[in-house]
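Here is a friendly walk through some helix packing and a few aromatic rings. Have the viewer open as you read.

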Amino acid sequence: MSDALLKSPSSTPEPSPARPDKSGRTEKLKRPPGPWRTGWASFRKNPYAVTGLIVLILFILMAAFAPLLTKYDPAKIDMMFTNLKAGTDGHLLGTDELGRDIFARLIYSARISLLVGFSVAIGAVLIGTLVGAVSGYFGGFIDSCFMRLVDVMNSIPLLFLNILILAIFGTKFSYMIIVLVLTSWMSVARLVRGTFLQLREMQYVEAARAIGVSNAGIIFRHLLRNSSFPIIVNATLMVGSAILSESALSYLGLGIQAPDTSWGLMLSNAQQFMLVDPLQAIYPGMCILIVVLAVNFIGDGLQDAFNPRKKTTGRRLEQWRKRFSKSGA
């Protein structure tokens, strides 16, 4: 008996799929694009999402390279040059009631506001994902306990809860981030729980259990990967919500404190001088509006790009059928 007959069928490598072209030569077929590549291609076709991404990147770069964009210290008080108009004595947007450069305060405030937005979004996603994953996978008593906790948190007015906690424990920057994280994870937990309730009944989960994969392995290696797209979309939208919450707390005097600055604190300081110079309130308000709008556009674009229920056009189906069908029909 020859060696070729002794070889197992599984040991022989399968030839890569190929089809003859018009000249009679075989052409190796390319692998179809993955979900990330397909999602990015769909995201790029959304002009609002791309514009929002560009605007957000510009604000991040301005905040990162703030010392290179202005020579003024945002906390330096100069009573000799108060309430200057835009463009006076080298001040691009003028000065406030204490002689501080408004443009410098805007770009340095972007550091605080964006840091709060991304920090709160990451922390809330981590807590909400963990709670939702455990609740949705195990179900039963664990699910009931976690969901009742979510219901209790959703029944409390979160703004007043944040004000109460910051008024008791202080208005440090780290305290504000912790408070916003602990009051923002509930929507992520519900989203992840609903996704896990659907995915845990899939056949590949039963197969993983049958071969002895642990519960942690199934949750983090299989289920969490398949539910990553809605989590990313929700995290993107939470950045805008966190920026608005920080601005509201700073406006009420319970957020960022001087000498640090944020857009909400600038709004709070400018309300006393609305009749003298209303632009002092318009500048930070427009920054909040533009950044939150850009983040929402990005979130909507990601939701459209990674929506698994999005219908594929007939033209694309026809292209796939011609390229990857064995019969070529």
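Is the crossing in which H5 passes H9 left-handed or right-handed? In this predicted model, H5 goes past H9 in a right-handed crossing. Helix H9 spans residues 186–199, and the two helices pack at an angle of about 35 degrees with their axes 7 Å apart. On the H5 side, the residues in contact include Ala124, Val125, Gly128, Gly132 and Gly136, while Val188, Ala189, Val192, Arg193, Phe196 and Leu197 meet them from H9.

Helix H5 itself covers residues 102–138 and has another neighbour in H11, residues 215–226. Here the axes come within 11 Å and cross at roughly 110 degrees. An angle from 65 to 115 degrees counts as roughly perpendicular, and H5 and H11 are therefore roughly perpendicular to each other. This crossing is right-handed too, with H5 passing H11. Thr129, Leu130, Ala133, Tyr137 and Phe138 of H5 touch a set in H11 that includes Ile218, Ile219, Phe220 and Leu223. The residues of the contact divide into nine nonpolar, two polar and no charged.

| Helix pair | Angle | Axis distance |
|---|---|---|
| H5 and H9 | about 35 degrees | 7 Å |
| H5 and H11 | roughly 110 degrees | within 11 Å |

Another residue to look at in H5 is alanine 121. Its relative accessibility is 4%, so alanine 121 counts as buried. Leaving aside residues up to four places away in sequence, alanine 121 touches Ala235, Met238 and Val239.

Now for the rings. How many aromatic pairs does the count come to? It comes to three. One of them joins phenylalanine 59 and tryptophan 263, edge-to-face, at 6.0 Å centre to centre and 85 degrees between the planes. Phenylalanine 59 sits in helix H3 (residues 47–64) and tryptophan 263 in helix H13 (residues 263–270), so the pair ties together parts that are 204 residues apart in sequence. Both phenylalanine 59 and tryptophan 263 are buried.

Tyrosine 137 and phenylalanine 138 also pair: their ring centres are 5.1 Å apart and their planes stand at 85 degrees, so this pair is edge-to-face. Tyrosine 137, at 6% relative accessibility, counts as buried, whereas phenylalanine 138, at 40%, counts as partly exposed. Both residues belong to the H5 side of the contact with H11.

Notes
Residues numbered from 1 in each chain as written. Predicted model: local features only at pLDDT ≥ 70, side-chain atom pairs only at ≥ 80, totals over all residues. Heavy atoms only, no water. Axes fitted to C-alpha atoms, helices over the stretch in contact; angles between N-to-C directions. Helix = DSSP H or I, 4+ residues; strand = E, 2+ residues; numbered from the N terminus. Parallel < 35°, antiparallel > 145°, perpendicular 65-115°, else oblique. Left-handed = near helix turned anticlockwise from the far one by under 90°. Contact = heavy atoms within 4.5 Å. Nonpolar A, V, L, I, M, F, W, Y, C, P; charged D, E, K, R; others polar. Buried < 20%, exposed > 50% of the residue type's maximum accessible area, 1.4 Å probe, protein only. Phe/Tyr/Trp six-rings, centres within 6.5 Å; stacked < 30°, edge-to-face > 60°.
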